[in-house]
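Take a look at the model below. We will walk through it one piece at a time.

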Amino acid sequence: MASQATVAQTPEGIPVIILKEGSSRAFGKEALRANIAAVKAVEETLRTTYGPRGMDKMLVDSLGDITITNDGATLLDKMDLQHPAAKLLVQIAKGQDEETADGTKTAVILSGELVRKAEDLLYKEVHPTIIISGYKKAEEVALQTIQEIAQSVTINDVELLRKVAITSLSSKAVAGSREYLSDIVVKAVSQVAELRGNKWYVDTDNIQIVKKAGGGINDTQLIYGIVVDKEVVHPGMPKRVENAKIALIDAPLEVEKPELDAEIRINDPTQMEKFLQEEENIIKEKVDMIARTGANVIICQKGIDEVAQSYLAKKGILAVRRAKKSDLEKLARATGGRVVSNIEEISEQDLGHAALVEERKVGEDKMVFIEGAKNPKAISILIRGGLERVVDETERALRDAVGTVADVIKDGKAVAGGGAVEIEISKRLRKKAPQIGGKEQLAIEAYANALESLVMILVENAGYDPIDQLMKLRSLHEDEAKKWYGVDLNAGQPADNWTRGVIEPALVKMNAIKAATEAATLVLRIDDLVAAGKKSGGTGGKESKSENKPSEED
């Protein structure tokens, strides 16, 4: 990036400074080359993590905290990338993760491959605009192909949904427990799914995931209710309540302090005693109000002071304080109760109901389990694992699996994995390219090659010969009946992946293709990169580094 680019000249040859000192500018092929190099570097980092045989990465932050994962969105988020083009891929990964919960690596690696293939065309003097136009036409064919070949799935196809979950979990560190975890995932998603009109809707936020190190991954359990990661506030309270009537309170069970500073002058010890007694009476009245509704369990978002705890214990009420707001909202959905902000307004109609509320010891901590609600539309998955990092990775894997099963239920379409879709799209693109003609034909063929690169990376990571597998798959896909043939990474041979149960949501594939194409075309459109100089932090006239160059500390 030449700093002299900050200076322009008039026709008469008079220099004119147009950018601040320390700024840098790259334009034309130089800018394009720099951006392509950044995208390729990020893609190469993720390549080895792709697929069921992909490797994990260990990331260590500035505080020494370690993250071991092969989750694409997590990797890019934790890597703290500096180059603006690389940051673009982080945004794509986040968008893919938020939209479909899975397919982040597919989106990033495909965008990297599209840029890589475009670079070859640029060397052949094909203009970026023509490449972009060809890529857009190829994207339309790809999306249309997925819609044509996708199979319909309903919420009642439990076995098929299990296969979707297993496919998602197979590429994670918890692959050894995928059969067990897939059952939990399908039951959880089916439980919170709602039919609205003639379409299913799944809000995955209603599936609470609680982590607790200890035990093994197979000790992970599904709870038809909510787990509150708190303990009962008073030793005199019951630890188990059957046929629970639950008051959900978003107000403190204590005497509130005045917002303004107040001064109370006491001249007589009896006045002090009356003052304290009045405070106690206020708290007692609040407890009595709740007790009159018939509540025998209280989940409070705010504090419960010692006096209130004592009164509640005498009345045999189980109470939990400082619960999360999100837990209260989930409890309201699960138990049918209503969160009350003013204790004076509480009534019997506001109470939630559950068959059992019980404090249990999980690992070294105590937690309160609320189970057996009438129609629990909010449930919990309690994750166990022998190591904290295993628990963290299990959580990431389960969130992805929950997202993929939810995608299939909402969209109602699924496709075979293991490269079957990519090879089928590539075949159709190669047939379409000559019909388009011109230089756009080269761009469409490059798009087909980029999709096939995904399959080659998949095979390469499994330790097999990618060229050999690719040739076999191309040959098989010439037969329309063999559209679901992809790679069997266990046998190292092509196989019908739909029959084998390697199934993915069509929505994930479509979104990954859209995101990758958008990213690649965005990078190819940039022909000028102006980076402001970073503030020098009081170093006087010292030139600061440009934004798109990593600093020495990074």
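At the start of helix α14, a side-chain oxygen of Asp465 comes to within 3.2 Å of the backbone nitrogen of Ile467. Keep in mind that this is a predicted model.

Now follow the helix itself. α14 spans residues 466-476. Which of its residues are buried? They are Pro466, Gln469, Leu470, Leu473 and Leu476. Look down the axis of α14: the buried residues fall within an arc of 125°, so they line one face of the helix.

What covers these buried residues? The cover includes two helices, α12 (420-436) and α13 (440-461). It also includes the strands β20 (485-488) and β21 (493-496).

Those two strands deserve a look of their own. β20 and β21 run antiparallel, and four bridges join them. One of the pairings links Val487 to Pro494 in β21. The two strands form a hairpin, with four residues between them. Here Gly492 takes a positive phi near 75°.

Next, turn to another hairpin. Strand β4 covers residues 57-60, and four bridges join it to β5. These strands run antiparallel. Met58 stands opposite Ile68 in β5. Five residues lie between β4 and β5. In the turn, Gly64 has a positive phi of about 90°.

Finally, trace the side chains along β5, residues 66-69. They alternate. Thr67 and Thr69 point to one face, and both are buried.

Key
Residues are numbered from 1 along each chain as its sequence is written. This is a predicted model: local features need pLDDT of at least 70, side-chain atom pairs count only at pLDDT 80 or more; totals for chains, interfaces and linings use all residues. Side-chain values use heavy atoms; hydrogens and water are left out. Buried means under 20% relative accessible area, exposed over 50%, partly exposed in between (1.4 Å probe, protein chains only). The arc is that of the directions from the helix axis to the C-beta atoms. Contact means heavy atoms within 4.5 Å. A polar contact is a pair of N or O atoms within 3.5 Å; within protein, one must be able to donate a hydrogen and the other to accept it, and residues adjacent in sequence count only if both atoms are side-chain atoms. Two strands pair if DSSP finds at least two bridges between them.
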